[in-house]
Amino acid sequence: MFDGYDSCSEDTSSSSSSEESEEEVAPLPSNLPIIKNNGQVYTYPDGKSGMATCEMCGMVGVRDAFYSKTKRFCSVSCSRSYSSNSKKASILARLQGKPPTKKAKVLQKQPLVAKLAAYAQYQATLQNQAKTKAAVSMEGFSWGNYINSNSFIAAPVTCFKHAPMGTCWGDISENVRVEVPNTDCSLPTKVFWIAGIVKLAGYNALLRYEGFENDSALDFWCNICGSDIHPVGWCAASGKPLVPPRTIQHKYTNWKAFLVKRLTGAKTLPPDFSQKVSESMQYPFKPCMRVEVVDKRHLCRTRVAVVESIIGGRLRLVYEESEDRTDDFWCHMHSPLIHHIGWSRSIGHRFKRSDITKKQDGHFDTPPHLFAKVKEVDQSGEWFKEGMKLEAIDPLNLSTICVATIRKVLADGFLMIGIDGSEAADGSDWFCYHATSPSIFPVGFCEINMIELTPPRGYTKLPFKWFDYLRETGSIAAPVKLFNKDVPNHGFRVGMKLEAVDLMEPRLICVATVTRIIHRLLRIHFDGWEEEYDQWVDCESPDLYPVGWCQLTGYQLQPPASQSSRENQSASSKQKKKAKSQQYKGHKKKRKMPVGKKPVSLSSLPMTGGVRRSFSGDEELTPPPYRTLPAQTAPEAFPPPSTSREFSPSLKTVTTLQLKEELLDGEDYNFLQGASDQESNGSANFYIKQEP
């Protein structure tokens, strides 16, 4: 059971050294005639045997032995690296606030010295740009303007149980009254006035001052959880003046009578609303805590990392062996990718032993009870077995659901999964999912729900049929009853806006849209970007946040690509001409790799295996630095979070102007089998179509 754990102390210097000692490919001999045909370059040294040159590494070889029908690459790794580098160039443009190009320029292989020089020049350019204009891409973006101008609808805060106020949002809705600063006033002191919520978008609300009736001239957006938003009655209790806006101050002679009439029966925030906001933003994790987290360069194992900072419940983890503290990984504290120290040993998961023999001063192990709990399962009866087939979201290409195989059964219900046709020979790209994970599905799930299933690379018998594939491979499908079929009434709808983590670059949180709903599975699209960047995410994923979350926590939000380019005079014309890149469709296109994946040297690959896959990050070249995010200091002590605690304060009615509270009952939705974009509540029925 623990053989995988012991193997993780293996010396990987041989493979890493070969990857890091990348040499420039020698040019072709001048005596070889070169023939170009439809973009392909062939050499005929003897005039008989057809030769080809790899477009990625420049290696010359026999054309028939080259990879793919077009014979453009010498191996699978070069094909993937070509695609990965193209995507990297697009992401670099994205981080710099540039619009996506029609076709990203491929980053060709270069000697390490040349790469370091280019990187140093890039850093100098960033510093110069920072002096002249900072955060150009963000200052022009406003959630309020974005929603108003396009009539978008944002997902309600109650859809995000892990977010601040997610479980105690109460009845905050339109027509709720609050006391806010009066910006339409010439007085030298700060004064307040009453405003009502016209539209709600996540934490953000469109407010209108009382007395403007249907006039929207001075409407403004603000974050309801902000420090300047108070329940009606706060000014009286705090001795703050209520002054009507200058635009309408002569509209009524008796403002007191007007307010009494307008506020009779109206709702306001609970008196302890600000306290609840503060409490919901207290996090039990602290800097210097040690955890086990997935190794972003070797998915099959975990490593020890230390909490560097906490922002809104998101942890910046620095791998313990990182001397300069730049080798980091971002995830939420409830992410299934982090665990307590000793977790890997307890379930038989592979683990990379640290070279550090003892804890550094101030570092301490995170208490196990702070981590997200997984559902207990009974493995004594019928259970998953090695070799069983299933369908799974590829963690390195989250826009696809692929044919997968159970490679190892661990303890406590955990499974090691491999993507058929794309696995490395050493199993370094296997990934760990729990048996109850919403990211694995029984055979036939995609067909039933009209999702395109990605077949194994190299599988030519198309269209793909599970029945034939199981027979050809001598495999069996994992029993349907072992999968998680619970579908919560999550509240998401197609078209809703939110803020979502780009899991291929987990430091980035972007403006996003829900484009499909399959039971509890959501397809998240990043606004302004091609569909190939879409992600399949569970409705309860801690990587989804309400509109306004970044503003509330101080995290940097990545705006839509089109918004970033508006300051460029020619951006509008470029956006119209920009062609969408085709989405990966399995065998017809190259497999998309994570952002920043380095081109793998052929000499580092085993003869019988594929390329070692990883999350984000270039193993040779440190990626360009992101803007520094404000670190949130953790309080000295927080009580551990309780999943059973539910606090749902109703809105307090205005004093002497009370009205009955209207509690909104949750809607019930019937489960529609095969209705791809329908939301469902309750258990889903999964099955596989049997064919003779």
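A: Cys185 is partly exposed in this predicted model, its relative accessible area being 21%, whereas Cys446 is buried, with a relative accessible area of 1%. For Cys446, the closest cysteine sulfur is the one in Cys402, and at 8.7 Å from the sulfur of Cys446 it is too far for a bond. A disulfide would need the two sulfur atoms to lie within 2.5 Å, and a search of the whole structure finds 0 disulfides.

Burial can also be followed along helix H6, which spans residues 143–150 and whose buried residues are Trp143, Gly144, Tyr146 and Ile147. These four cover an arc of only 165° around the axis, and therefore they sit on the same side of H6. Asn145 and Ser149, on the other side of H6, are exposed. After H6 comes Ser151, and the phi of Ser151 is positive, near 55°.

Strand E28, residues 535–538, is covered on both faces, with Gln535 and Val537 buried on one side and Trp536 and Asp538 buried on the other. The partner considered here is strand E27, made up of residues 521–526, which pairs with E28 in the antiparallel sense over 4 bridges. Within this pairing, Leu522 stands opposite Val537 of E28, and Val537 is itself one of the buried residues of that strand.

How values were computed: Residues numbered from 1 in each chain as written. Predicted model: local features only at pLDDT ≥ 70, side-chain atom pairs only at ≥ 80, totals over all residues. Heavy atoms only, no water. Buried < 20%, exposed > 50% of the residue type's maximum accessible area, 1.4 Å probe, protein only. Helix = DSSP H or I, 4+ residues; strand = E, 2+ residues; numbered from the N terminus. Arc of directions from axis to C-beta. Pairing = 2+ DSSP bridges.
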